[in-house]
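Thanks for coming. I have one structure to go through today, and I will keep to what can be read from its atoms. Please have a look at it before I start.

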Amino acid sequence: SPVVILSSSHSSPSGFGHHLVIDPNFRDAFNFVLFSRFVFDNELQLGTTVIIGPPNKNSYQAHKILAGYSDFAFMDSLYKTQLQSQSHKCNYVEMFTSEYEHLVSAVSSNHVFYLHKSTEWLNWRYCQRPNNPYTIYAYYESDKLNGFIVLKRWKEADDYQKAHIMDLWALTDGAAS
C-alpha cells in the first residue's frame with residue numbers, strides 16, 4: 001500500500017482499490033458490493049484510512065452508488081496524432097535511487113495531498129516488471145536532479161502505437177519542458 005500524505009504533518013496508510021472479475025457470470029452489482037465490503041473490512045483491520053480506485057467507464061456509476069465512492073478528481077485525456085522527434089537533454093534511467101525520492105518529496109512539499117513514492121515503490125512499479133513497458137528519463141541542471149518522467153509505450157494489435165505519461169515530476173520550468 002502506498003502512503004497518502006494528507007498534509008505536511010500527517011500521513012495515512014492507504015490502499016489502491018481495483019476489482020477484476022474474470023468470469024462474466026459473477027460480474028454483477030451484488031457480487032461487486034460483497035467483494036467491496038470484504039476488501040473494505042480487511043483494509044479497516046489493517047488501519048487503512050484512504051482507498052483510491054480507478055473505476056472503469058462501465059462501472060463508474062456502480063462505484064459511486066453501490067459502494068459509496070466519491071469523485072477525487074477529473075482528468076481529461078490529451079492526445080497528439082502527429083508526433084515529431086525532438087532533441088532533449090534528458091538521461092535514460094534504468095533504476096531509481098534515493099535522489100528521486102528526495103525530488104518527489106521536494107516537489108510535494110507544497111501539496112496538501114499526495115501519494116508518497118519511495119525509491120522501493122518507484123522501482124517496484126516501473127523497473128521490476130517481467131514485461132516492462134516503461135521508459136524513464138531524468139533531467140539534471142548543474143548536476144542536480146530536477147525532474148523525471150515515466151512513459152509507458154506499447155503497440156496495439158493493429159500496429160497503432162500508444163504512449164502514456166505515467167509519472168512526471170519537475171522542480172523547475174526547465175525540467176518540466
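**The sheet and what packs on it**

This is a predicted model, and I will begin with an open sheet of four strands, whose order is 4-6-7-8 and whose pairing is antiparallel. At the edges are strand 4, residues 91–93, and strand 8, and each of these pairs on one side only. From one strand to the next, the twist averages 30 degrees.

Strand 7 and strand 8 run antiparallel and are joined by nine bridges. If you want a bridge to find on the screen, go to Lys152, whose bridge partner in strand 8 is His164.

Now the helices. Helix 3 packs on the sheet and touches strand 4, strand 6, strand 7 and strand 8. The direction of helix 3 makes about 100 degrees with that of strand 7. Helix 4 also packs on the sheet, where it touches strand 6, strand 7 and strand 8. For helix 4, the angle is about 175 degrees, taken against the direction of strand 8.

Which residues of helix 4 are buried? They are Thr119, Leu122, Asn123, Arg125 and Tyr126, in a helix that spans residues 119–126. The cover over them includes helix 3, strand 6, strand 7 and strand 8. As background for the spacing of such residues, an α-helix has 3.6 residues a turn, so residues three or four places apart point the same way.

Next, two single residues. Ser108 is in helix 3, which covers residues 98–108. Ser108 is buried, because its relative accessible area is 1% and the cut-off for buried is under 20%. Leaving out residues up to four places away in sequence, Ser108 touches Tyr114 and Trp169.

Asn146 lies in strand 7, residues 144–155. Is Asn146 buried or exposed? Asn146 is buried, with a relative accessible area of 5%. Beyond its neighbours within four places in sequence, Asn146 has contacts that include Leu103, Tyr139, Trp169 and Ala175.

Last, the cysteines I looked at. Cys127 is buried, at 14% relative accessible area. Cys90 is partly exposed, at 28%, because that value falls between the 20% and 50% cut-offs. How many disulfides does a search of the whole structure find? The search finds zero.

Technical notes
Residues are numbered from 1 along each chain as its sequence is written. This is a predicted model: local features need pLDDT of at least 70, side-chain atom pairs count only at pLDDT 80 or more; totals for chains, interfaces and linings use all residues. Side-chain values use heavy atoms; hydrogens and water are left out. A disulfide is a pair of cysteine sulfur atoms within 2.5 Å. Buried means under 20% relative accessible area, exposed over 50%, partly exposed in between (1.4 Å probe, protein chains only). Helices (H or I, at least four residues) and strands (E, at least two) are DSSP runs, numbered from the N terminus. Contact means heavy atoms within 4.5 Å. Two strands pair if DSSP finds at least two bridges between them. Axes are lines fitted to C-alpha atoms, for helices over the stretch in contact, and angles run from 0 to 180 degrees between N-to-C directions.
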